[in-house]
Amino acid sequence: MSSRLTAALLAAGVVIPTFPALYEMPFIGPAVTQAYNQLPEQARRQIPEAIRAQLAPPSRAGAAAPGPAAPLNTVAGQAALDTLVRDVSGRHAGWIAVSVAGRDVQLTAGDNRPLPAFSTFKVPTSIAALRQNPGFYRDAELAITQSDNAAQHRMQAQVPAQAVGDVIAQAGSRTTNHAGWWMSTMWNTSDQAQFASGLRCVPGHEPVYDMMGRIVPWQRWGLGRIPGAHFKGGWNYGDGGHYARQFGLIPGPNGDVAVAITAFSPHGYQESYAMLDELADGVAAARGTLPTSRC
């Protein structure tokens, strides 16, 4: 197979799976690796991580993007999340969602509908506020560690909504509507996981990230049960029940895992928090098969 033809097939996403790796095969292996290396960086980024690992040895296969590589077995990771959602849903009324975002891969299970960000929006607001004026530190600390609404309102009264939207975009995420809706801004679970994944690439994230590791004990349900987690939660009543959601970064064997979890219970906050507890426990148990964060 010529390297030009192979390059064309790779760019089109056509790969013949082999074992253990294409680059190790006699005769065809060198042509495959040569063709892969000839592709523009942008084209290499479009090839899924698991396939890229078949095309060149690790030193080249991951060269298109820096940072820790995502585990190759994304099928196992997706299956773990699907099973988790099925199991938790079977024990509770309402609905749930979980998403993990990494470099070139995202795994999502459950009901990924957009819903208000609630107090999770205090994270991008606090980053934007501190970039504008370090004097907001105490308000940011109250908003993140204690989820203080008055502190959030003081910041949003002086920080342009566009500045908050810029923080979200710099993390590689998006919201369903404009950031000017503040804590009512609609944000689905998968996009919130993307925000967690890119959080540490956002200029000025450091003090807020530190605060996310110091959440008060009475708000450490869900992801807060995981040692070393940096996270933020949000919650409120609505639609005849209770919503609870969280996003953050949790330590994993291959690097930090960026995760977002969401729950709605028609039976109130005790069940919605219990659902997040079970989702967080399940993610923690499966993190060896999950992709690591981009940043």
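**Figure 1. Phenylalanine 118 lies in the loop between strand 3 and helix 7.** The model is predicted. Phenylalanine 118 has a positive phi of about 55°, although the residue is not a glycine. With 10% relative accessibility, phenylalanine 118 counts as buried, because the cut-off for buried is under 20%.

**Figure 2. Aromatic pairs: phenylalanine 118 with tyrosine 243.** A search of the whole structure gives 11 aromatic pairs. In the pair of phenylalanine 118 and tyrosine 243, the ring centres are 6.1 Å apart. The planes of these two rings meet at 40°, so the pair is tilted. This pair links distant parts of the chain. Phenylalanine 118 sits between strand 3 (115-116) and helix 7 (122-132), and tyrosine 243 sits in strand 6 (residues 241-250). The two residues are 125 residues apart. Is tyrosine 243 buried or exposed? Tyrosine 243 is buried, at a relative accessible area of 9%. Ring pairs also build a cluster here, made of Trp95, Phe118, Tyr243 and Phe264.

**Figure 3. Aromatic pairs: tryptophan 221 with tryptophan 235.** These two tryptophans, tryptophan 221 and tryptophan 235, form an edge-to-face aromatic pair. Their separation is 5.5 Å centre to centre, with 75° between the planes. Tryptophan 221 belongs to the loop between helix 12 (206-212) and strand 5. Tryptophan 235 belongs to strand 5 itself. The pair links distant parts of the chain, with the partners 14 residues apart. Tryptophan 221 is buried, with a relative accessible area of 11%. Tryptophan 235 has 26% relative accessibility and counts as partly exposed.

Figure 4. Strands of a sheet pair through backbone hydrogen bonds, in a parallel or antiparallel way.

**Figure 5. Strand 1 and strand 2 form a hairpin with 2 residues between the strands.** Strand 1 covers residues 95-102 and pairs with strand 2 in the antiparallel sense. The pairing runs over 6 bridges. Glycine 102 stands opposite valine 105 of strand 2. Alanine 97 has glycine 110, in strand 2, as its bridge partner. In a regular strand, side chains alternate between the two faces of the sheet.

**Figure 6. Aspartate 104 is in the loop between strand 1 and strand 2.** What is the phi of aspartate 104? Aspartate 104 has a positive phi of about 65°, although the residue is not a glycine. This residue is part of the hairpin of strand 1 and strand 2. Aspartate 104 counts as partly exposed, at 36% relative accessibility.

**Figure 7. Serine 173 is held in the loop between helix 10 (161-170) and strand 4 (186-187).** Serine 173 is buried, with a relative accessible area of 10%. The side chain of serine 173 makes a polar contact of 3.4 Å with the side chain of tryptophan 187. The serine 173 side chain also reaches the backbone oxygen of aspartate 191, at 2.6 Å. Which residues does serine 173 contact, leaving aside its neighbours within four places in sequence? The residues are Ile168, Trp187, Asp191, Gln192, Gln194 and Phe195.

**Figure 8. Helix 11 (residues 189-198) is mostly covered.**

**Figure 9. Overview of the chain for the close-up views.** The secondary structure comes to 13 helices and 7 strands. Of the 295 residues in the chain, 52% are buried. For contacts between residues at least 6 apart in sequence, 65% join residues at least 24 apart. The accessible surface comes to about 12,400 Å². Carbon and sulfur atoms account for 57% of this accessible surface.

Notes
Residues numbered from 1 in each chain as written. Predicted model: local features only at pLDDT ≥ 70, side-chain atom pairs only at ≥ 80, totals over all residues. Heavy atoms only, no water. Helix = DSSP H or I, 4+ residues; strand = E, 2+ residues; numbered from the N terminus. Buried < 20%, exposed > 50% of the residue type's maximum accessible area, 1.4 Å probe, protein only. Contact = heavy atoms within 4.5 Å. Areas by Shrake-Rupley, 256 points an atom, 1.4 Å probe, with all protein chains shown as cover. Pairing = 2+ DSSP bridges. Polar contact = N/O pair within 3.5 Å; in protein donor to acceptor, adjacent residues only side chain to side chain. Phe/Tyr/Trp six-rings, centres within 6.5 Å; stacked < 30°, edge-to-face > 60°.
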